[in-house]
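Welcome! Take a moment to turn the model around on your screen, and then we will walk through it together, part by part.

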Amino acid sequence: MTNTHEGSKVYLYCITAVTVIGGLLFGYDTAVISGAEQGLEAFFRSASDFEYTKAWHGITASSALIGCVIGGAISGVLASRLGRRNSLRLAALLFFLSALGSYNPEFLFFDYGKPTTGLLIAFNCYRIVGGIGVGLASAVCPMYIAEVAPAHMRGRLVSWNQFAIIFGMLVVYFVNYLIRNHLPSAEAMVTMGWRRMFLSEAFPAGIFGLLLFFVPKTPRYLVLSGHNSEALTVLERINGKLKAASILEEIKATAREKSEKLLTYGVGLIIIGILLSVFQQAVGINVVLYYAPRIFENMGATGDISMIQTVVMGIVNILFTVVAILTVDKFGRKPLLIIGSVGMMIGMIALSILSFQDVIGLAALIFIIIYTASFMMSWGPICWVLISEIFPNTIRGKAVAIAVAAQWITNFLVSSTFPSLSEWSVGGTYLIYATFSLLSAIFVWKFVPETKGKTLEDMSKLWKKN
């Protein structure tokens, strides 16, 4: 039952829980490649009509990120025209189709099990389709949560999306490990193992699509669409009748999305959003997440041990994401971001030194955990919190799309260049990421405002003041 004074937290938590399945699929889709990429590489290396080089493998392992750029770029248009909820439904469909297509890229056009140039292109197309779903979900999930959450809970609830992303990665690490462990032979990883890993995503994607028929449109989107009474109904269920009317008036006062231009609040705001996204990826986090088993094998671990270490890293990531969830609305966004940047810099500098000295083993594992833990309690969740809340209602859809597209472009550049950079110098590559970690701390300290406790409607006043 809805509390007249405070609304129903159970209702709020339920619709948030459904929405963050999109975050889980985001993590699942981007990390499934970590277990599949070695079998995939062996499969395409046996092709007779072309040479599957390291450069090709770097592109194939990160091809989904091309779709992520597309999905992020079109998310603003789709979120405004289809609505936040329908955009998530589209993302669920894309996840599902990508899982089936990546499992059987030969479908209709190619001979099963025969690697060719055409099959490689088809596989990458299916991965790009899933990437479009990831790009959509990465922009719209935090946007949806931010638009339904009360101001004093917004940071915590949006951070749950990052928890879901990391949980999705941990789930797929386990799934990949179980699939690999139950194959009849090592050769089976090349013939069927990687296929089953991609197929496993179809199950959570289907569940996500079904559950989205039980969540409402966001009140802010409803107001922008002229459905004020429906918006009031949703606000009453979440905030209670006493607060709902005043919140509705605040939203109506800033709901001019179709009339205000992107640069209404200055180019500086857009640049800050873009740089938040760029720094979140330029510190190298997804290199560690996507190539985790291979990195651990390069440190001396065997196949199964490397997968177990990857799972351990996933558990650490979840624990420190919870730290961010519990502290983001208490300590604020800026302090956590700066602390995380310093921790990442220390971790990457240490890994660089160990690499130059050819020291592998426990020390390297410890510093990888320090690095990822620092990211997960700061830039991982809080970057998404800021991107979802920092832009005024009137430009949020378009501005978030630009920021998210910039994030995925940077992600693609960093991830696709890692195999080549690591051949040049692993230690030098880690040093590059350490430099970006330092620059991210300086950027936050100098240019990013604190948004803790402010309503989404307050953002218009914040940027007009600046």
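## The overall picture

Keep in mind as you look that this is a predicted model. The protein chain has 21 helices and zero strands. Of its 466 residues, 60% are buried. The accessible surface of the chain comes to about 17,800 Å², and 69% of that belongs to carbon and sulfur atoms.

How does the chain make its contacts? Among contacts between residues at least 6 apart in sequence, 84% join residues at least 24 apart.

## Inside the protein

Let's look at the largest nonpolar core, which has 129 residues. Phe-44, Trp-379 and Phe-391 are the members that touch the most other members. Helix 1 gives this core its largest share, 17 residues.

Leaving aside residues up to four places away in sequence, Trp-379 touches several others, including Leu-276, Phe-279, Leu-337, Met-344 and Phe-443. Its list of contacts also includes Gln-280, Ser-341 and Ser-440.

Now find helix 8, residues 202-211. Ala-202, Pro-204, Ala-205, Phe-208 and Gly-209 are buried there. Looking down the axis of helix 8, you would see these buried residues fall within an arc of 165°, so they line one face of the helix. Among the parts covering them are helix 1 (9-45), helix 4 (84-103) and helix 7 (188-199).

What sits on the face turned away from the buried side of helix 8? That face carries Phe-203 and Leu-210, which are exposed.

## Salt bridges

How many salt bridges does the structure hold?

Begin with Arg-127 and Asp-29, whose closest N and O atoms are 3.5 Å apart in their salt bridge. Arg-127 belongs to helix 5 (residues 117-148) and Asp-29 to helix 1, so this pair ties together parts that are 98 residues apart in sequence. Arg-127 is buried, with a relative accessible area of 2%, and Asp-29 is buried too, with 0%.

Another salt bridge joins Glu-106 and Arg-195, with 2.5 Å between the closest N and O atoms. This pair links distant parts of the chain, 89 residues apart: Glu-106 is in the loop between helix 4 and helix 5, while Arg-195 is in helix 7. Are these two residues buried or exposed? Both Glu-106 and Arg-195 are buried.

Glu-41 and Arg-45 also form a salt bridge, and their closest N and O atoms are 3.2 Å apart. These two are four residues apart in helix 1, so about one helical turn separates them. Glu-41 is buried, at 7% relative accessible area, whereas Arg-45 is partly exposed, at 48%.

## A buried arginine

Arg-333 is found in helix 16 (residues 333-356). With a relative accessible area of 1%, Arg-333 is buried. The C-alpha atoms of Arg-333 and Val-448 are separated by 9.2 Å, although the two residues are 115 apart along the chain. Among the residues that Arg-333 touches are Arg-154, Glu-389, Glu-450 and Lys-452.

## A nonpolar patch outside

Finally, turn to the surface. Trp-424, Ile-432, Phe-436, Leu-438, Leu-439, Ile-442 and Trp-445 form a nonpolar patch there, with about 700 Å² of accessible area together. Which helix supplies the largest share of the patch? The answer is helix 20 (residues 426-447), with six residues. Trp-445 is in helix 20, and at 56% relative accessibility Trp-445 counts as exposed.

Terms used. Residues numbered from 1 in each chain as written. Predicted model: local features only at pLDDT ≥ 70, side-chain atom pairs only at ≥ 80, totals over all residues. Heavy atoms only, no water. Patch = residues over 30% accessible without salt bridge, like charges linked within 9 Å, V, L, I, M, F, W, Y side chains within 5 Å. Areas by Shrake-Rupley, 256 points an atom, 1.4 Å probe, with all protein chains shown as cover. Salt bridge = Lys/Arg side-chain N within 4 Å of Asp/Glu carboxyl O. Buried < 20%, exposed > 50% of the residue type's maximum accessible area, 1.4 Å probe, protein only. Contact = heavy atoms within 4.5 Å. Arc of directions from axis to C-beta. Core = buried A, V, L, I, M, F, W, Y, C linked by side-chain atoms within 4.5 Å.
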